Amino acid sequence: MYASTCACKGIRSCNTCKLQKDHNTNDFQSHIVYIYCDACRQAIRMDIYELKSQCPHHDDIGNDAIAFPLDGIYLASDFLNEIEEQNLIDSIDKDIWISSQSGRLKQDFGIKINFKKQTIKTKYFTGMPMYSKSILQRLQTHRVLNDFQSVELCNLDYSSERGSHIDPHIDDTWIWGERLITINLLSNTILSLIPNEKDSKKIIYIPLPRRWMIVLYGDARYEYKHAIQGQHIQDRRIAVTFRELTGTNEKFYEENKDLYERIIRIGKRFTGISVGRFEHIANEVNSRTMEKMEIEISSNHEEQLKELFESTYQTKISSLEKINSTMYSVISEKKYIMKLIPQMSITREQLQSIFSSFQLTSTILNESINQFNIVVINHNDLSSNHQIARFLAQWRLATKTSSTNSLDKHWFNEQYASILEKKKNSFPFLLSNLFTCQQQISEQLETGLQWMTNQQSSYLMDLTSIFLTDIDLFVDKVKEIVKAYEELVRLTDEEMNLLDTFVRLQLVLLINQNDIDDEKQLDLLEQLSSDVFFVRNLIR
């Protein structure tokens, strides 16, 4: 998704607004151009370089009029291959581009900073996007980045048609650390370095071929401004940039230790969404009137369930608690599990057969709701994790596939609306997890029952609901339940990958249901957001 409006402020300009501004762009025509050679780590005067058709390397070193050393530049050729580049571009372009200054478009994942007042807001910083995990892992294999911890990712889209460029600047040193990383995608460009010395007439060109990575640090970071000139943008260019915080011996850390640690913790998540995505979700939810009829129907369903249960068991319900979209916990004189099962997926006879084989005390209510059979099971009959897991596995083996999908865009929009309506302190964190779950889950997912791909079906929502019944025992419950489940049904690799997604989805819904945030639940969601395959790795 793309933005097209001009966002230039002050002296900034692009092709859309430059005719309306009296802005004398500095094209460095009076500067002496040097070109950087990574082999000898020096800047060589362009005319000398061109005369020899290559870098003269150490010839004339020490003569600043011809060449001089330039430290603090690390280049990695072909950091990505062509397929990886295209996959990354596809992931980036699925997000929202918003207009930025000087003809650029941007996607921001990071904290909101007022550099003049030196204030920071972390509310809408929800972590790095999921696609960045493998990139950051690869970055850390390079010698200058083995301890790099990103706290900001900014994607910038450059286009010659918009007159995209970025003026000479030094990234803020109050909060940003020494190393600035850029991965150059889609087209070649040149990074310009301009010395901080006021009267200097030097400019150094650093060629950046497509798919290369560059790190600025040391002298190149602090003693030079860096820029991308409009003349060096020929085709569409994407710059993927990462930043880190200052070191723990710097002023920012000393004055903001708790804030510093919080930013680092959020930066380790890989369920982040961009500022543009936040705005898009909020606008989309606000632009549509909440369909009260849908809410009323859902409420009516619960009233119907209560009435059917009470008329069958001749007792009043004291508590009806929703576990997931098709499962409820019921408390009357005893405790029960109430499950809604699509009639098209399994017959009453098959259900009775399963209950008999497990010697379960169960009842299939005589009436149905919206073509769902209603099954009530005595909770004591499923008191152990082993019993529950084997029962769910047997349930899966007996049922047919179903093409119904309840977790569609409308369903997710209702969850977004619910989170935005409550607007608890955790709501940006919940929104980001809900969105990344939506991205990962197939559109052929049926709430509470089946996810289908290549004619395979899985029953992961019910399984993950059981994981979360006791947060303190989460790890032990996962191991015990999956082990018992796989005695009957082996989970495929695809299902294993989705287990984490379903756990996060269930946890988001669970947290949002509470009027007050449960710290244990939030801590678990934090852990699952930092390690998006936590459950899979735990089991396999």
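Tutor: The model is a predicted one, and in it the count of salt bridges comes to 20.

Glu 84 belongs to helix H2 and Arg 138 to helix H3, which spans residues 132-139; the two are 54 residues apart, and the pair links distant parts of the chain. Glu 84 is partly exposed, at a relative accessible area of 26%. Arg 138 is also partly exposed, with a value of 30%.

Another salt bridge is formed by the side chains of Asp 93 and Arg 236, at 2.9 Å from N to O. Asp 93 is in helix H2, while Arg 236 is in the loop between strand E15 (224-228) and strand E16 (237-245), so this contact ties together parts that are 143 residues apart in sequence. Arg 236 has a relative accessibility of 27% and therefore counts as partly exposed, since that class runs between 20% and 50%.

The side chains of Glu 152 and Arg 243 also meet in a salt bridge, with an N to O distance of 2.4 Å. Glu 152 lies in strand E9 (residues 152-158) and Arg 243 in strand E16, so the pair ties together parts that are 91 residues apart in sequence. Both Glu 152 and Arg 243 are buried. Salt bridges with shared partners also join Asp 93, Asp 157, Arg 162 and Arg 236 into one network.

Asp 71, Glu 197, Asp 199, Asp 219 and Glu 223 form a patch of negative charge on the surface. Residues in such a patch have no salt bridge. Within this group, Glu 197 is in the loop between strand E12 (189-195) and strand E13 (202-208).

The structure holds zero disulfides. Of its cysteines, Cys 6 is partly exposed at 33% relative accessible area, whereas Cys 37 is buried at 9%.

Note on methods:
Residues are numbered from 1 along each chain as its sequence is written. This is a predicted model: local features need pLDDT of at least 70, side-chain atom pairs count only at pLDDT 80 or more; totals for chains, interfaces and linings use all residues. Side-chain values use heavy atoms; hydrogens and water are left out. A disulfide is a pair of cysteine sulfur atoms within 2.5 Å. Buried means under 20% relative accessible area, exposed over 50%, partly exposed in between (1.4 Å probe, protein chains only). Patches are made of residues with over 30% relative accessible area and no salt bridge: like charges are joined within 9 Å, nonpolar side chains (Val, Leu, Ile, Met, Phe, Trp, Tyr) within 5 Å. Accessible areas come from the Shrake-Rupley method with a 1.4 Å probe; for residues, only the protein chains shown count as cover. A salt bridge is a side-chain nitrogen of Lys or Arg within 4 Å of a carboxyl oxygen of Asp or Glu. Lys and Arg count as positive and Asp and Glu as negative; His and the chain ends are not counted. The place of a charge is taken as NZ of Lys, CZ of Arg, CG of Asp or CD of Glu. Helices (H or I, at least four residues) and strands (E, at least two) are DSSP runs, numbered from the N terminus.
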